[in-house]
Amino acid sequence: MKFLMTTGRTIRQGSFVERKNTPVYAEEASTVRMNPVDMLDLLVEDGDPVRVTGPGGSVVMRVAGDPLLPRGIVFACLGPHANAIVDPWTHATGMPDYKTVPVEIEPAEERPPTVAELMGACGGVPYEG
């Protein structure tokens, strides 16, 4: 199914942004939130893995229902998982487009990659063991 993804910070993720090697940060950064009716259409439940594919790539995340989100809109925290989805092009601003990113979401079988796995895949140095 096609959605528009927006990104930002949650209080929970923001409180752990200086401790990115914690399980809380990893869980929050690897979760995509969507309207529960959209979850029914996708046949997924809270905590199920879903593949999120956008203009910059694809990554598996966990889904969580959020009845405050309108149907067709999903939310992901800023972080390594969102970075794997958005187009890295910055239009000479230094900041990629993190709002209204067209994405396609489908159920997945595999678990979300860890932050270290994502960092390693893009040639970075993992900040967790």
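1. The structure holds five salt bridges, a salt bridge being a side-chain nitrogen of Lys or Arg within 4 Å of a carboxyl oxygen of Asp or Glu. This is a predicted model, in which local features need pLDDT of at least 70 and side-chain atom pairs count only at pLDDT 80 or more, while totals for chains, interfaces and linings use all residues. Residues are numbered from 1 along each chain as its sequence is written, and side-chain values use heavy atoms, with hydrogens and water left out.

2. One of the salt bridges joins the side chains of Asp38 and Arg71 (2.9 Å, N to O). Asp38 lies in helix α3 and Arg71 in the loop between β4 and β5, so the pair ties together parts that are 33 residues apart in sequence; helices (H or I, at least four residues) and strands (E, at least two) are DSSP runs, numbered from the N terminus.

3. Asp38 is buried at 2% relative accessible area, whereas Arg71 is partly exposed at 45%; buried means under 20%, exposed over 50%, and partly exposed in between (1.4 Å probe, protein chains only).

4. The side chain of Arg71 also meets that of Asp41 in a salt bridge (2.4 Å, N to O).

5. Turning to the strands, β1 (residues 2–8) pairs with β6 (residues 101–107) in the antiparallel sense over four bridges, where pairing requires that DSSP finds at least two bridges between two strands. Strand β1 runs parallel to β5 (residues 73–77), to which five bridges join it.
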